[in-house]
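The sequence and structure are shown first.

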Amino acid sequence: MHNGDNAGKPPLKFLLMSTSRRRFLATTGKATLAIGLAQLLPDHKLLAQQYGAIGFSQQPLPYAFNALEPVIDATTMELHYTKHAAAYAKALNEAIVAEKVATTTTIEQLLGNISKYSTKMRNNGGGHYNHELFWSTMQAPQANNIPYGKLAAAINASFGSFANFQTKFSDAAKARFGSGWAWLVLTAEKQLVITSTPNQDNPLMDVAEVKGLPLLGLDVWEHAYYLKYQNKRADYIQNWFQVIHWQQVAARYEAAL
Ligand code: MN3
């Protein structure tokens with residue numbers, strides 16, 4: 001995980017830490033809440049390390065904000081990561097405290113029982129998980145960007161060819177009315193399926209129509225593409241295939257088999 005090269009700016013993690021430390025020192029009135037969160041959050045951070053990349057805190061972006069250009073522009077990436085996604089993580093942690101989620105709970109367990117929690121938990125738990133997965137499964141644009149190995153074989157077996165997979169996945173992303181996500185999912189029966197969800201829902205949720213482990217997700221909220229692509233969602237979807245980090249997707253697939 002490297003974020004020190006983000007457009008020549010100080011590492012984001014350092015900025016966040018120094019800001020929160022200053023805020024903590026400046027506002028003694030909020031000290032009680034800050035200590036309450038501090039007691040809860042370390043356990044969740046440990047769980048994140050124990051169970052893999054996705055925990056309850058935002059991880060540093062593994063590349064610079066401009067790394068995905070020209071497919072996704074630096075301004076969109078910076079706003080998306082530091083504003084939209086950061087807000088989901090913050091609100092998720094508020095909901096975890098308010099709804100007294102046990103510190104032994106993983107985010108996968110939380111989402112798997114999401115119908116028992118508030119709308120705030122559903123929207124922000126999904127929002128956090130979805131974006132952490134999104135960042136980790138992208139990289140700088142690649143020529144001839146196709147999967148390989150066991151995952152490629154499984155995609156060919158499930159969808160006929162990579163081209164058919166790309167068409168079906170793109171159709172799911174284009175057909176999602178309003179805001180939501182398109183997904184490549186590994187079901188409990190170890191089958192690959194394509195689906196989409198509204199808002200910040202995802203296939204881990206007990207409320208999802210199609211359930212399973214999300215291997216790859218595409219954010220089709222307007223905040224993910226509107227600055228560069230305006231109303232041309234189809235162009236965003238087509239170009240996005242250049243930045244899929246297939247090695248990461250394959251690692252998720254093979255770990256889940
Ligand atoms: Mn988003």
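Helices (H or I, at least four residues) and strands (E, at least two) are DSSP runs, numbered from the N terminus. The model under discussion is predicted.

1. The cis peptide bond. Pro 70 lies in the loop between helix 2 (31-51) and helix 3 (74-98). The peptide bond that leads from Glu 69 to Pro 70 is cis, and its omega is near 5°. In general, most peptide bonds are trans, and most residues other than glycine have a negative phi.

2. A positive phi at Asn 144. The loop between helix 5 (119-136) and helix 6 contains Asn 144. Although Asn 144 is not a glycine, its phi is positive, at about 45°. Asn 144 counts as exposed because its relative accessibility is 73%, where exposed means over 50%.

3. Helix 6 against helix 7. The axes of helix 6 (residues 149-159) and helix 7 (residues 162-175) come within 8 Å and cross at roughly 70°. The two helices, helix 6 and helix 7, are therefore roughly perpendicular to each other. The contact brings Ile 155, Asn 156 and Phe 159 of helix 6 together with Phe 162, Asn 164, Phe 165 and Lys 168 of helix 7. Sorted by class, the residues in this contact are four nonpolar, two polar and one charged.

4. The partners of strand 1. Strand 1 pairs with strand 2 (residues 192-198) in the antiparallel sense over seven bridges. Leu 186 has Leu 192 as its bridge partner in strand 2. Strand 1 also pairs in the antiparallel sense with strand 3 (residues 213-219), over six bridges. In strand 3, Pro 214 is the bridge partner of Val 185.

5. The hairpin and Lys 190. Five residues stand between the strands in the hairpin of strand 1 and strand 2. Lys 190 is located in the loop between these two strands. Its phi is near 65°, a positive value in a residue other than glycine. Lys 190 counts as partly exposed because its relative accessibility is 41%.

How values were computed:
Residues numbered from 1 in each chain as written. Predicted model: local features only at pLDDT ≥ 70, side-chain atom pairs only at ≥ 80, totals over all residues. Heavy atoms only, no water. Pairing = 2+ DSSP bridges. Axes fitted to C-alpha atoms, helices over the stretch in contact; angles between N-to-C directions. Parallel < 35°, antiparallel > 145°, perpendicular 65-115°, else oblique. Contact = heavy atoms within 4.5 Å. Nonpolar A, V, L, I, M, F, W, Y, C, P; charged D, E, K, R; others polar. Buried < 20%, exposed > 50% of the residue type's maximum accessible area, 1.4 Å probe, protein only.
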